[in-house]
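Okay, thanks for making time, everyone. Let me put the model up, and then we can walk through it together.

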Amino acid sequence: MTEKVYRGKNGFVSARFRGSLAEKVKALGKGAEEALRPAAQAGAQVFYDEMRARVPVAEGVLRDSIYQFFLDRKSTDAKKVYVVGPNKGKAPHWHLVEFGHWQPYAVVQIDGQFVTLKDRPLPAPVFVPAAPYIRPTLDATSTQSLEAMRERYMQALRESNTGWQ
């Protein structure tokens with residue numbers, strides 16, 4: 001049985017195997033553990049592709065900051081973790097687009113970059129509505145991601161000569 005769990009306001013998704021499938025993975029040994037990383041990457045790829053398609057700009061820093069990254073420090077032999085989302089170092093404004101924000105200063109575009117003019121406050125702050133792309137990605141593709149992980153896991157098991165058919 002597979003369990004889908006949503007956690008955190010940043011939209012973390014966890015897929016866990018429980019019951020007889022978890023026991024079968026243990027019984028298969030090393031081949032089953034080695035199949036986890038390609039399976040996790042297949043699920044991450046689904047989120048990555050959809051998130052890049054949903055970013056509300058056709059080009060720019062935010063769109064280019066979307067990445068997928070294998071998180072070795074949180075991964076174990078029995079768990080593989082990928083991070084998918086905006087690189088907060090490249091696009092520190094990601095949350096302003098995802099959740100909306102108040103704009104108290106004038107903003108201009110110079111050479112394709114938006115610049116806040118802090119010496120030019122607006123007469124009244126303006127609310128810039130949210131243009132969510134992370135949360136809708138999770139809603140739209142969580143089932144597809146789990147299916148991609150399952151398919152890639154089964155393929156990797158067959159390739160590893162574990163006897164799994």
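This is a predicted model: local features need pLDDT of at least 70, side-chain atom pairs count only at pLDDT 80 or more; totals for chains, interfaces and linings use all residues.

Residues are numbered from 1 along each chain as its sequence is written, and side-chain values use heavy atoms, with hydrogens and water left out.

So, the layout. We have 5 helices and 6 strands, and along the sequence they run β-β-α-α-α-β-β-α-β-β-α. Those come from DSSP runs, helices being H or I with at least four residues and strands E with at least two, numbered from the N terminus. Of the 165 residues, 29% count as buried. Buried here is under 20% relative accessible area, exposed is over 50%, and partly exposed is in between, using a 1.4 Å probe and protein chains only. As for contacts, meaning heavy atoms within 4.5 Å, take those with a separation of 6 or more: 60% of them are between residues 24 or more positions apart.

Now the cores. In soluble globular proteins, nonpolar side chains tend to be buried together. A nonpolar core, for us, is a set of buried Ala, Val, Leu, Ile, Met, Phe, Trp, Tyr and Cys residues joined through side-chain atoms within 4.5 Å. The largest one has 9 residues: Y48, M51, V55, L62, I66, A91, W94, Y133 and I134. There's also a second, separate core of 8 residues, with A39, Y153, M154 and L157 among them.

T137 sits in helix α5, residues 134-159, and counts as buried because its relative accessibility is 0%.

Buried or partly exposed, which is Q41? At 26% relative accessibility, Q41 counts as partly exposed. Not counting residues up to four places away, Q41 touches Q68 and Y82.

On to the ring pairs. The structure holds 4 aromatic pairs; rings of Phe, Tyr and Trp (its six-membered ring) pair if their centres lie within 6.5 Å, and planes under 30 degrees apart are stacked, over 60 edge-to-face, the rest tilted. Y67 and F69 have ring centres 6.4 Å apart and planes at 40°, so that pair is tilted. Y67 is partly exposed at 28%, and F69 is partly exposed at 42%. W94 and F99 are edge-to-face, 6.3 Å centre to centre with 65° between the planes. In that pair W94 is buried at 10%, whereas F99 is partly exposed at 35%.

That's the tour, so over to you.
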